[in-house]
Amino acid sequence: MSIRRFALAALAGALLAGPAAAQTLLNVSYDPTRELYSEFNAAFNKHWQAQGNDAVTIQQSHGGSGKQARAVIDGLRADVVTLALAGDIDELYKLGKLIPENWQERLPQASTPYTSTIVFLVRKGNPKGIEDWDDLVKPGVEVITPNPKTSGGARWNFLAAWAYAQQKFGSEAKAQEFVAKLYQNVPVLDTGARGSTITFVNNQIGDVLLAWENEAFLALKEEGGNNFEIVAPSLSILAEPPVAVVDKNVDKKGTREVAEAYLDYLYSEEGQRIAAQNFYRPRNPAVAAEFAEQFPALKLLTIDQDFGGWQAAQPKFFNDGGVFDRIYQAQ
Amino acid sequence: MSSITLTASASANAARRGNLLGRRLLILGTWLAFMLFLLLPLLVVLGEALKQGLGTFLGAIFEADALSALKLTLLAVGISVPLNLLFGVAAAWCVSKYQFRGKSLLVTLIDLPFSVSPVIAGLVYVLLFGAQGLFGEWLQEHDIQIVFALPGIVLATLFVTLPFVARELIPLMQEQGTQEEEAARLLGAGGWQMFWHVTRPNIQWALIYGVVLCSARAMGEFGAVSVVSGHIRGYTNTLPLHVEILYNEYNHVAAFSVASLLLLLALLILLLKQWSESRINRLKAGAGEE
């Protein structure tokens, strides 16, 4: 019997290895981009073939941004990474030497083809009357947000809350107090943004979800989406999810050309329009104007101007012993 | 005198009636618990899967990514179970037929995967074979991919299913002792002859039982495989991982359809298990009559 099984396994192995000859591209991405990239990949393939190339098989992997960066460092052979924040892609340079230090200068707008921000998703009719960040620290309000250690979105959430408190109270100590209070209202930290959305939307836990704007719009679009409303706070952060070619992997696999074309296409008008249709804020001014009505106008701080970039914010807030550890352990 | 017997038997009757009541309550309770915690969730899975009709259900199962997840799962089972079969027989043979130092330690260590969390099992392989791991550099130089590919998934599956075959065989083979094998040897049988004609018939049904349990676990493993999978859609997602992905994409019907496919495979395995178990029992009863 075992011999027959071995034969079967060998056969299946041969089948599995069969179609590997065509060029493949692996895009390792973060949680909420599933819908964006399944649409974009099809469009890119059409564009790529129209230029006289063979079709390329585009593989997708999704998960919490930090976790995904870790997997690429540990040997997941991504040709391109499209993660939630620059800090995670920096790790590819620091820990794995997979990309050069100046990776962010290689593409326009600091390698960020689309942006987003952090908004609130509340239950229909907003029963807890949540209008701004102050309402999140009130007793009895349950806030759903993922774990900043593993999720990029969660780190944007954290910084948006921090930015608000810092502006309002004018001191770091007060900001820390405010954010600590906010996290006392968090009953569960999922590892990724999508996990938190499922916790809030499907499992009906919590009063307010801190979410990527694109993720919040998407939740409204899904089945049962009319049970929720989006609330835009008075101030938030410009979330900039960057993209990069993973040099070490593309050079080994000989996929640099298609990988670079893939990322360039994100900046094309069609790429920008697909991003906007999936509720990401496009960089291209013409496309942005076209979709202007879709996005609430709110005051947005930036990571570079207000936090000194991820190089400074990551160690200060999120590394071991950083601000997040101190406030979360204190509970 | 007769009145005393009468009261005695009456009280015995009362006691029996009390026992009967207790027995019925226990049986009822067991059935209720079974239906509430096992049957109901399974029915919910099936109900959700069929919510939008048979067409959607079949569509979700025959979708390309689901099929590739099925293929990968069967492949991982097809490789890891035979290997575990070999290991299980060898380990049980050593433990039951030979005397050596450290034997009880070995028996304890075989159970290690039962007590180690699957997440750790997965991480161990990342630490060993990942790009930053112990053998990472060497593997990269030779262009060998272990974690985030099929070999890693098979290794993780092997780890969590290691004890199943050995655990089934060890007590049986210890009970049977070495006499029959010794007799075969004295009558001039070679090693393989002895194993095939004497040992194998004795352990065959327990072996099948172990393989069945091992396959069930290999098919359903989530934690360890999740760590080493890399989650590449259509390539390194096994069925359980694919179910999670579909669920996270708000694709409930598809998630539950694929889940019921897993369920179907599990039921099939359960039938196999029942069948091999009854064969073991018949064999044991036969041995008792001799």
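**Exercise 1.** Decide whether Phe34(B) is buried, partly exposed or exposed.

*Solution.* In this predicted model, the relative accessible area of Phe34(B) is 34%. Buried would require a value under 20% and exposed a value over 50%, so Phe34(B) counts as partly exposed.

**Exercise 2.** Classify the aromatic pair that Trp31(B) and Phe34(B) form, and state how the two residues are placed in their helix.

*Solution.* The ring centres of Trp31(B) and Phe34(B) are 5.7 Å apart, and the angle between the planes is 85 degrees. Planes over 60 degrees apart count as edge-to-face, and that is the class of this pair. Both residues belong to helix α1 (residues 2-49) of chain B, where they are three residues apart and therefore separated by about one helical turn.

**Exercise 3.** Among the 37 aromatic pairs that the structure holds over all chains, classify the one made by Tyr37(A) and Tyr262(A), and locate its members.

*Solution.* The centres of the two rings lie 6.5 Å apart with their planes at 25 degrees, so Tyr37(A) and Tyr262(A) are stacked. Tyr37(A) is in helix α2 (residues 34-50) of chain A, whereas Tyr262(A) is in helix α11 (residues 256-267) of chain A, so that the pair links parts of the chain that are 225 residues apart. Both tyrosines are buried.

**Exercise 4.** Find which ring lies under the charged end of Arg123(A), and which under Lys97(A).

*Solution.* The charged end of Arg123(A) sits over the ring of Phe200(A), 4.0 Å from its centre. Lys97(A) lies over the face of Tyr93(A), at 4.6 Å from the ring centre.

Methods. Residues are numbered from 1 along each chain as its sequence is written. Chains are lettered from A and ligands numbered from 1 in the order in which they are written. This is a predicted model: local features need pLDDT of at least 70, side-chain atom pairs count only at pLDDT 80 or more; totals for chains, interfaces and linings use all residues. Side-chain values use heavy atoms; hydrogens and water are left out. Rings of Phe, Tyr and Trp (its six-membered ring) pair if their centres lie within 6.5 Å; planes under 30 degrees apart count as stacked, over 60 as edge-to-face and the rest as tilted. Helices (H or I, at least four residues) and strands (E, at least two) are DSSP runs, numbered from the N terminus. Buried means under 20% relative accessible area, exposed over 50%, partly exposed in between (1.4 Å probe, protein chains only). A charge sits over a ring if NZ of Lys or CZ of Arg is within 6 Å of the ring centre and within 35 degrees of the ring normal.
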